[in-house]
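Morning, everyone. I'll talk through one structure today, chain by chain and contact by contact.

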Amino acid sequence: MNTLKSISIKGMFVAFLVSVSSMLLADELNLRPGVTEISRSVYDLHNLILLICVVIGVVVYGVMFISMYFHRKSRGHEAAQFDDNHTLEIAWTVIPTLILVGMFIPSYGVLKEIYNTDNAEMTVEVRGYQWKWQYKYVDEDYNNSFSFFSNLATPRAQIKNRQVKTETYLLEVDEPLRIPANRKVKFLVTAEDVIHAWWVPDFGIKRDAVPGIINELWAIVPEPGTYRGQCTELCGKDHGFMPIVVEVLPEREFDLWYQDKVAEKIALDQSTKTQTDTEFLTVSSGG
Amino acid sequence: MSSRLEQQAGIARTVKKLCLVLVGMVGFVFALVPIYDLFCEVTGLNGKTGGQYTYVESEMEADLSREVRVNFITNTNQGMNWEFWPEKGAIKVNPGTIHTVNFFVRNPSSIPTVGRAIPSVAPGLAAGYFHKTECFCFEQQLLAPGEVMEMPLRFIVGPEIPGDIKEISLSYALFDVTEDSTELIESFKNGLNVAAAGR
Amino acid sequence: MSEVVHTDHHDEHDHGPEKGLLRWLYTTNHKDIGTLYLWFSFLMLFIGGALALVIRTELFQPGLQFIEPAFFNQMTTNHGLIMVFGAIMPAFVGLANWLIPMQVGAPDMALPRMNNLSFWILPFAFGMMISTFFMDGGGPNFGWTFYAPLSTTYGPPSTTYFIFAVHLMGASSIMGSINIIATILNMRAPGMTLMKMPLFVWTWLITAFLLIAVMPVLAGAVTMMLFDIHFGTSFFNAAGGGDPVMFQHIFWFFGHPEVYIMILPAFGIVSHILPAFARKPLFGYTSMVWAVASIAVLSFVVWAHHMFTVGMPLFGQAFFMGATMVIAIPTGVKVFNWIATMWRGSMTFETPMLFAVAFVILFTMGGFSGLMLAIVPADYQYHDTYFVVAHFHYVLVPGALFSIIAAVYFWFPKWTGKMYNESLGKLHFWLSFIGVNITFFPQHFSGLAGMPRRIPDYALQFADFNMISSVGAFIFGFSQLFFLYVLINGIRSGKAADGLSWEGAKGLEWTLPSPAPYHSFTQPPKVS
């Protein structure tokens with residue numbers, strides 16, 4: 001019985017050590033650093049807090065395990081009868097308070113940075129629908145503003161296991177959001193029907209998309225590439241099937257693509273306008 | 001024995017007090033919505049912007065030293081089938097000066113429909129400085145099939161706006177409220193009938 | 001027993017329990033009602049657990065294998081609702097019924113008839129909620145947080161039944177709380193001052209006040225939903241000038257105190273078990289009471305940390321971040337006190353102690369992830385991912401649930417007069433301990449890797465974590481069936497237990513014989 005107990009206590013201890021070391025050692029188990037300055041600061045902040053927690057954990061659990069090992073009846077340990085110690089109690093109220101203040105300050109710094117939406121070079125409106133995303137490029141000249149939907153591109157056969165799943169399973173769309181590298185892009189997030197949430201982990205940004213309300217977000221992505229995320233607010237049946245794909249293009253390439261899109265949109269407007277021109281005669285004014 | 005009676009009386013008193021607490025909490029629940037609105041107004045939560053603003057020219061001083069960009073975002077929500085667009089996607093304004101921007105709606109369907117536009121301002125803190133002297137927000141608007149309407153928005157960005165707000169986005173979400181506007185629809189139909197009868 | 005009856009002239013005490021089913025229907029005895037609550041919550045635990053296993057089966061591998069997304073959403077929603085309102089809360093109320101009168105030296109609860117009513121409402125409430133599964137459009141599918149407008153404009157037709165079920169649960173909780181407060185404040189044995197009360201009584205007193213404060217808020221939220229759905233109001237409907245975000249503020253104003261409602265009694269239980277098996281008085285009784293009280297007060301000013309991504313102004317975020325971090329201080333005090341209680345004790349590790357120690361370790365783990373979630377910029381990366389799922393399961397399963405299991409083992413001899421089989425109990429502990437960690441620890445990693453919660457299917461990089469998690473869930477689930485066996489085995493063929501069933505146990509309930517007589521403390525004991 002005695003050996004069983006000591007084995008079980010050692011087992012708990014080993015399990016704890018393994019979990020702690022795995023958190024620290026294995027990068028692939030940790031949060032991803034992402035590609036923007038913000039996501040890196042968030043990553044550093046995360047590591048800092050995690051480290052503080054692990055250190056506190058080692059101390060607290062360490063004391064606990066020492067006690068559980070030595071202060072057992074089976075080892076003949078007699079129970080002491082103390083039930084308070086004011087010095088200790090003050091210490092473990094004050095020290096955590098200081099640690100918390102130390103955590104709050106850098107967190108607030110990063111938070112303030114995230115809230116700085118100034119000097120954006122372009123604005124994209126992001127709209128959540130049941131169950132797809134719409135991206136609208138907002139231009140000063142409204143005629144140049146264009147938009148498109150971004151639907152899940154994974155075939156039904158893969159989801160129903162009739163086809164082999166590709167590497168980007170559930171994280172691929174028919175038309176991705178395209179933004180330029182190295183420019184500050186502002187996202188105005190809202191929704192058409194229910195609440196969704198727009199999240200690109202590699203940019204370190206997430207915001208709820210609420211119908212009737214707009215929220216601001218921004219990113220400067222230095223590296224061109226494809227970044228993937230998902231809707232993170234339960235929005236009904238196909239909540240798990242409305243991924244976010246952002247393709248970050250080199251600036252020149254983006255400008256060319258943007259011009260093409262604008263030209264395409266103006267051409268489309270022209271053709272529909274000729275059809276409906278007559279109806280414009282009935283313009284009335286109202287308040 | 002008497003201690004038992006005392007105890008019963010004590011229980012009755014406690015229950016009475018707790019019921020009062022309960023009634024108080026229920027009252028608090030009724031007050032939740034106004035409290036929340038006040039909370040939003042004070043904190044600029046959700047970019048809630050109020051209704052019309054009375055404009056006193058003499059009190060408003062234009063700040064020509066800086067410009068604020070105002071984005072106009074138009075959306076149709078919950079399957080609303082109108083077309084809805086602003087005259088301009090964005091303009092730059094000096095705080096304290098008054099501007100007018102027209103918005104357009106068109107009902108492409110074959111039935112009369114009632115819409116209502118809900119405004120929202122981002123960043124939320126800017127909402128307190130974005131004054132609309134004429135707007136079409138929260139109003140029910142009926143459009144006949146094929147009708148196009150021009151809706152002006154007159155606004156001032158308050159000169160007291162903090163310098164770190166350089167861009168404001170005003171969004172209108174247009175909802176289909178035909179179902180909740182039977183009276184409006186009825187009077188519209190009656191109007192048609194009267195017109196037909198008078199002809 | 002009969003001696004007591006003769007000295008007491010109240011004829012309500014003249015008889016023992018009635019026979020048969022009617023005993024349970026008409027009972028006003030706190031022990032019977034406690035038993036009803038406990039078995040009811042055990043049943044709900046299995047129903048909620050079955051739903052969890054359906055979820056974990058579907059998530060065993062990527063792709064849709066067994067159920068459709070629409071049904072999956074009903075599973076997650078009802079798993080949450082049943083576990084929170086059906087399993088954890090009634091289990092604590094059951095423990096309160098059994099233990100509070102015995103611990104304060106009272107013959108029964110203050111309002112025995114209302115006690116009967118508050119229990120018997122529950123089967124109807126949950127019957128109604130579960131019946132929605134068989135209705136057109138299915139049951140609630142909008143998450144246990146039922147955010148508008150998904151639960152109003154876009155909710156299934158059965159939402160009205162769900163709303164009424166929540167009203168009933170709320171009424172039951174409020175009545176139960178009034179009863180508990182009235183009992184504690186008026187029926188303590190002479191000499192038992194407030195600061196001499198056992199900690200389980202203290203934590204429940206505070207919890208009961210929390211319930212009275214927030215249950216009306218929940219009722220208000222669902223009533224507004226009801227009006228939005230049926231009477232054309234627009235509290236939460238943006239189209240009518242309402243605000244969907246207001247729903248979240250109201251819900252979490254209820255929801256955060258609710259979280260503490262599910263953990264404060266657990267603190268009380270652990271504060272009984274650790275001293276008993278360390279054979280040493282509880283360290284820092286006074287600071288324990290103050291810590292619980294301050295946690296309860298703080299719980300009213302941190303609600304918006306559940307909605308950091310909703311788009312609040314900067315100072316709002318900073319305030320709720322700071323307030324949330326402050327909660328770590330009293331919580332830390334409690335953990336340190338427990339460890340100081342163990343320190344230099346003379347410990348033995350019977351099953352209740354094992355569960356209590358695991359509670360301290362794993363609840364603290366949940367506390368750490370909670371602290372991480374309080375950091376707003378980092379929360380943007382964790383919010384609504386499996387990291388959150390891991391966090392709240394760590395505080396609710398090896399937290400609240402383990403404390404309930406520990407309490408059942410600890411007071412089992414007092415309730416039944418029999419001792420459970422210690423080896424089976426230990427086996428149950430190790431299966432649960434291993435199962436719970438295999439289930440929920442990998443969810444930290446899938447969350448950090450970016451897996452959103454409440455999705456029926458996931459990208460390939462999350463596959464390994466989910467498979468491990470599903471295996472753990474089955475181990476954990478079936479070890480609770482084993483728990484049922486251990487209990488039945490104990491009731492049927494356990495050895496007879498002494499009045500003082502544990503060497504180090506302290507408190508009035510241990511001065512009674514085991515099993516505790518149907519009517520106990522008809523003459524109040526003296527407390528020095």
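Let me start with a question: is Asp32(C) buried or exposed? Asp32(C) is buried, with a relative accessible area of 2%. Keep in mind that this is a predicted model.

Now look at the partner of that residue. Arg23(C) and Asp32(C) meet through their side chains in a salt bridge, 2.6 Å from N to O. The two ends are placed differently. Asp32(C) is buried, while Arg23(C) is partly exposed, at 22% relative accessible area. Side chains of opposite charge can pair when their charged atoms come close. Over all chains, the count of salt bridges comes to 22.

Next, chain A against chain C. How many residues of chain A are in contact with chain C? The count is 92 residues of chain A, in contact with 95 residues of chain C. The area buried between these two chains is about 8,300 Å². Carbon and sulfur atoms give 71% of that area.

What about charges across this interface? The rule finds three salt bridges between chain A and chain C. One of them is Lys73(A) with Glu503(C), where the closest N and O atoms are 2.6 Å apart.

Helix 2 of chain A gives the most, with 16 residues. By class, the side of chain A that touches chain C has 47 nonpolar, 26 polar and 19 charged residues.

On to chain B. Chain B has 199 residues, and 50% of them count as buried. Its secondary structure comes to two helices and nine strands. From the N terminus on, the order is α-β-β-β-β-β-β-β-β-β-α. Now take the contacts in chain B with a separation of 6 or more. Residues 24 or more positions apart account for 75% of them.

So how does chain B meet chain A? Here 43 residues of chain B are in contact with 32 residues of chain A. The buried area is about 2,800 Å², and carbon and sulfur atoms give 46% of it. Between chain B and chain A the rule finds 17 residue pairs in polar contact, both residues at pLDDT 80 or more. Which strands of chain B supply at least two residues each? They are strand 1 (68-76), strand 2 (83-86), strand 3, strand 5 (113-122), strand 8 and strand 9. Strand 1 of chain B gives the most to this side, with six residues. By class, the side of chain B that touches chain A has 18 nonpolar, 14 polar and 11 charged residues.

How many salt bridges lie between chain B and chain A? The count is four. Let's visit some pairs. Asp118(A) and Lys166(B) meet at 3.4 Å, N to O. Asp118(A) sits in the loop between helix 3 and strand 1 (122-129) of chain A, and Lys166(B) in the loop between strand 8 (148-157) and strand 9 (167-176) of chain B, so this pair joins two chains. Asp118(A) is buried at 14% relative accessible area. Lys166(B) counts as partly exposed, at 37%.

Now Glu140(A). It forms a salt bridge with Lys92(B), the closest N and O atoms being 3.8 Å apart. This pair also crosses between chains. Glu140(A) is in the loop between strand 2 (132-138) and strand 3 (146-150) of chain A, and Lys92(B) is in strand 3 (residues 90-93) of chain B. Both ends are partly exposed: Glu140(A) at 34%, and Lys92(B) at 45%. Glu140(A) also forms a salt bridge with Arg69(B), at 3.3 Å between the closest N and O atoms. Which residues are linked in a network of salt bridges? Glu140(A), Lys186(A), Glu216(A), Arg69(B), Lys92(B) and Glu167(B).

Last stop, aromatic rings. The whole structure holds 79 aromatic pairs over all chains. Take Tyr137(A) and Phe146(A): the ring centres are 4.6 Å apart and the planes are at 15 degrees, so the pair is stacked. Tyr137(A) is buried at 1% relative accessible area, and Phe146(A) is buried at 5%.

Methods:
Residues are numbered from 1 along each chain as its sequence is written. Chains are lettered from A and ligands numbered from 1 in the order in which they are written. This is a predicted model: local features need pLDDT of at least 70, side-chain atom pairs count only at pLDDT 80 or more; totals for chains, interfaces and linings use all residues. Side-chain values use heavy atoms; hydrogens and water are left out. Contact means heavy atoms within 4.5 Å. Buried area is the accessible area (1.4 Å probe) that two parts lose on being put together, summed over both. Helices (H or I, at least four residues) and strands (E, at least two) are DSSP runs, numbered from the N terminus. Ala, Val, Leu, Ile, Met, Phe, Trp, Tyr, Cys and Pro count as nonpolar, Asp, Glu, Lys and Arg as charged, and the others, Gly among them, as polar. Rings of Phe, Tyr and Trp (its six-membered ring) pair if their centres lie within 6.5 Å; planes under 30 degrees apart count as stacked, over 60 as edge-to-face and the rest as tilted. Buried means under 20% relative accessible area, exposed over 50%, partly exposed in between (1.4 Å probe, protein chains only). A polar contact is a pair of N or O atoms within 3.5 Å; within protein, one must be able to donate a hydrogen and the other to accept it, and residues adjacent in sequence count only if both atoms are side-chain atoms.
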